Amino acid sequence: IKNRVRLAQSKREMLSAELRAAILQLRADVRKIYVQLYSLQERHRILSQLLQDYEDFKHVSADFEDKVQIEFIATSTRNELSTVKYEEELARNNLNCLLARPLSSALLVEKPRSSIAGNLPLSALVSASLNKAPDLMQNLAQTNAAKNELALARSNRVPNFSFVVGPDLVT
């Protein structure tokens, strides 16, 4: 019975490790898209400001060549801005899918924060890494489950006794 209990506990640990792995993978995916969305929003803000500066400078400059060059740069910036808007919409849709709920298109994300504190000792960093490495935890749980299954199988074996009366002529 002890072997069966250990086997059930190790299977529970294995499922728990798989669940932690799935949660951490989802968290990593959300963070990746969040950072991507933030950087795209920043590019959008910078390009919009740049276009505004080009428009202001175009009215100040009286030289035809300067106006043509400014218009060329402004057109290139507008094209890049439309590409950034498209990529921003894709990132927002990916984030909506991962979170399984729609977010407002006017939502501005704030700058992502670092998830690791700066002055942690090495042992704390190693333990944090092991806790955040779902594949290691999952492999450890699977190994424990396999060991417990083996122990259960060994305990369920029926010994094979044979008695021989007289001399044993089988070699």
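This is a predicted model: local features need pLDDT of at least 70, side-chain atom pairs count only at pLDDT 80 or more; totals for chains, interfaces and linings use all residues.
Of the 14 lining residues, Q41, H44, E88, R92 and L108 lie closest to the pocket centre. Two elements, α1 (2-60) and α2 (64-99), each give two or more residues to the lining. The greatest contribution comes from α1, which supplies five residues.

The packing of the two helices was examined next. The arrangement of two packed helices is described by the angle between their axes and the distance between the axes. For α1 and α2, the angle is about 160° and the axes are 8 Å apart. Because angles over 145 degrees count as roughly antiparallel, α1 is roughly antiparallel to α2. The crossing of α1 past α2 is left-handed. Sorted by class, the residues in the contact of α1 with α2 are 19 nonpolar, six polar and twelve charged.

Charged side chains also pair with one another in the model, and seven salt bridges are present in the structure. One of the seven salt bridges joins the side chains of E80 and R43, with a distance of 3.4 Å from N to O. This pair links distant parts of the chain, as E80 belongs to helix α2 and R43 to helix α1, with the two residues 37 residues apart.

Key:
Residues are numbered from 1 along each chain as its sequence is written. Side-chain values use heavy atoms; hydrogens and water are left out. On a 1 Å grid over the protein atoms alone, a cavity is a set of points where a 1.4 Å probe fits but cannot get out, and a pocket is an open set with protein on both sides within 12 Å along at least five of seven lines; lining residues have an atom within 4 Å of a point. Helices (H or I, at least four residues) and strands (E, at least two) are DSSP runs, numbered from the N terminus. Axes are lines fitted to C-alpha atoms, for helices over the stretch in contact, and angles run from 0 to 180 degrees between N-to-C directions. Angles under 35 degrees count as roughly parallel, over 145 as roughly antiparallel, 65 to 115 as roughly perpendicular and the rest as oblique. A crossing is left-handed if the near helix is turned anticlockwise from the far one by less than a right angle, and right-handed if clockwise. Ala, Val, Leu, Ile, Met, Phe, Trp, Tyr, Cys and Pro count as nonpolar, Asp, Glu, Lys and Arg as charged, and the others, Gly among them, as polar. A salt bridge is a side-chain nitrogen of Lys or Arg within 4 Å of a carboxyl oxygen of Asp or Glu.
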